[in-house]
Amino acid sequence: MNLHTLTIAQAQDLLAKKEISSVDLTRAFLDRIDKYDNTISAFITVDPGLALKQAEQADQMIAKGKSQAFTGIPVALKDVLCTKGVRTTCASKILEHFVPQYDATVVEKFKAQDAVLIGKANMDEFAMGSSTENSAFFVTRNPWDTDHVPGGSSGGSAAAVAARFCAGAVGTDTGGSIRQPASHCGVVGLKPTYGRVSRFGVVAYASSLDQVGPITRDVTDAAMMLNLMGGHDPKDSTSAPEQMPDFTKGIAMFKEKGLSGMTLGIPREFLNLKGIDPEVKTMFESARKTLEGLGVTIKEISLPHSNYAVAAYYIIAPCEASANLARFDGVRYGYRDMDSDDLIEMYKKTKSKGFGPEVQRRIIIGTYSLSSGYYDAYYGRASQVRALIMDDFKRAFDACDIILSPVAPTPAFKIGEKVEDPLTMYLSDIFTLSCNLAGIPGISVPAGISSTGLPMGLQMMSRHFDEMSLIRAGYGFEQAVNHIELPEF
Amino acid sequence: MAHLARLDVDDELKETLAGQLSDILDYIDTLKDVNVDGVTPVSGAAFMNNVLREDKQEPSPGPDVTLANAPERDQDFYVVPNVVK
């Protein structure tokens with residue numbers, strides 16, 4: 001049996017029946033990392049000794065009959081989640097040697113079930129980027145074609161799942177950073193509702209937009225992982241008190257009654273956008289037909305302000321980033337420039353030596369947009385446009401249960417293609433970032449493969465706290481669409 | 001702006017940044033086309049107000065944990081360059 005090909009659900013089942021051990025499963029993934037991660041570069045930190053120790057512990061728990069859903073399941077974490085005693089870099093030089101003294105709440109939840117934390121995955125520095133090329137350490141390659149980016153910013157997590165270096169991975173999504181790399185790597189990515197999953201211990205980029213979520217082989221695994229990750233956390237004041245249903249019920253619902261009674265909306269503004277690859281359009285058209293075949297009603301809807309989402313996002317996110325990243329001043333943790341004998345000079349040198357160009361670019365945009373005299377015209381206006389975008393979604397969800405769109409306007413681009421042109425890179429987030437501005441959940445499900453052999457994902461978005469509909473429709477779509485085999489290696 | 005942001009941007013990066021930032025700001029200016037009269041701005045997506053917790057003492061992790069990542073420390077203090085000249 002090829003243990004690395006098991007989904008989380010399959011591995012759980014075999015572990016429970018004691019047909020496999022967590023140590024064997026973990027070894028299978030570690031072997032693959034050892035063989036192939038020289039090429040893919042999905043991980044910043046892997047500690048095989050620690051992973052195997054956790055696997056042994058998990059096997060003991062299973063032997064004692066104290067097994068829980070994720071006991072013994074090897075999972076990768078984006079290197080933005082604090083892990084006690086294990087270096088957490090955010091793919092930045094400024095945190096290259098930072099060892100957290102506590103675990104993020106999400107990490108605690110995995111540990112409480114004796115999951116195996118197999119490694120810390122590469123990302124765009126501080127989650128700023130759409131290609132993982134902004135990592136201060138190295139570029140992650142797309143397992144489908146190593147000349148291409150895996151997407152970003154959770155590119156290491158998505159590549160690790162697609163390369164079968166782990167059973168599932170945790171990512172974060174501020175403007176599409178779970179969904180877009182999942183789409184580019186042919187795996188499932190779920191951005192939960194803002195507040196569904198605790199952000200405690202997750203290094204902040206843009207606090208009103210950041211959300212933690214699963215990247216998995218299929219929708220079933222995403223539902224199981226959300227079950228574990230979600231729930232109210234008193235340590236995060238934006239964490240929602242809403243009840244956590246069992247999200248695998250969405251799958252049972254599909255099995256029982258399909259998608260009958262569901263209305264799916266397609267925003268007319270998205271259909272006429274410039275710059276969408278013809279193959280993405282074909283994929284979207286065929287996804288629509290697949291869903292119609294499942295008995296849904298499809299309606300054209302309108303999100304009148306969606307054309308302004310990129311502009312609003314690229315003010316709001318940098319404003320929040322410029323405030324959040326002010327803490328990396330060389331005083332309490334992280335890199336410090338030791339040659340300055342003046343405090344302000346120390347701050348400046350520390351940051352400019354510690355942060356890469358994209359991070360500095362966003363700090364400057366944010367500082368500018370918040371500065372006296374420009375605040376109203378930039379941050380103020382962007383926050384009003386955000387309110388209009390939220391209203392658009394509210395109205396749209398009066399007419400439909402799920403909004404459909406592609407995840408990205410093109411399949412994964414080539415490494416280096418957009419590095420010099422940040423604006424074009426920003427525009428590639430067009431379909432994903434309004435979801436973050438509104439705080440609603442969104443899922444990316446593999447929907448097709450381009451003529452060049454690269455996967456493309458379908459995005460579904462639903463009402464606040466209605467991830468259940470995404471699981472139900474996502475699962476239905478996944479079963480109906482031609483099965484997408486991950487690249488063999 | 002770099003000074004306000006407490007950055008020490010070198011000349012080479014300054015040049016690239018200037019061009020890129022002006023493209024980005026031109027694009028962002030499309031927001032001026034939106035009619036926002038009377039729209040109340042939103043700053044988040046959490047829809048909660050005044051999240052309070054009980055005001056009770058919790059154990060502190062102590063200086064060794066708190067200062068574990070300090071770039072420079074002296075006993076239980078962070079050391080920084082001269083502030084007052």
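Two strands pair if DSSP finds at least two bridges between them, and strands themselves are DSSP runs of E with at least two residues, numbered from the N terminus. The views below come from a predicted model, in which local features need pLDDT of at least 70, side-chain atom pairs count only at pLDDT 80 or more, and totals for chains, interfaces and linings use all residues. Residues are numbered from 1 along each chain as its sequence is written, chains are lettered from A and ligands numbered from 1 in the order in which they are written, and side-chain values use heavy atoms, leaving out hydrogens and water.

**View 1. Strand S4 of chain A and its partners.** Six bridges join S4(A) to strand S6 (residues 211-216), and the two run antiparallel. Strand S2 (residues 74-78) runs parallel to S4(A), joined to it by three bridges; here A:Ala76 faces A:Ala169.

**View 2. Both faces of S4(A).** A:Gly168, A:Val170 and A:Thr172 point one way, A:Ala169, A:Gly171 and A:Asp173 the other, and all are buried (under 20% relative accessible area, 1.4 Å probe, protein chains only).

**View 3. A loop residue, A:Ser450.** A:Ser450 sits in the loop between strands S10 (442-449) and S11 (455-462) of chain A. Its relative accessible area is 5%, so A:Ser450 is buried. Beyond residues up to four places away in sequence, A:Ser450 touches A:Glu279, A:Pro411 and A:Met456 (heavy atoms within 4.5 Å).

Technical notes
Helices (H or I, at least four residues) and strands (E, at least two) are DSSP runs, numbered from the N terminus. Buried means under 20% relative accessible area, exposed over 50%, partly exposed in between (1.4 Å probe, protein chains only).
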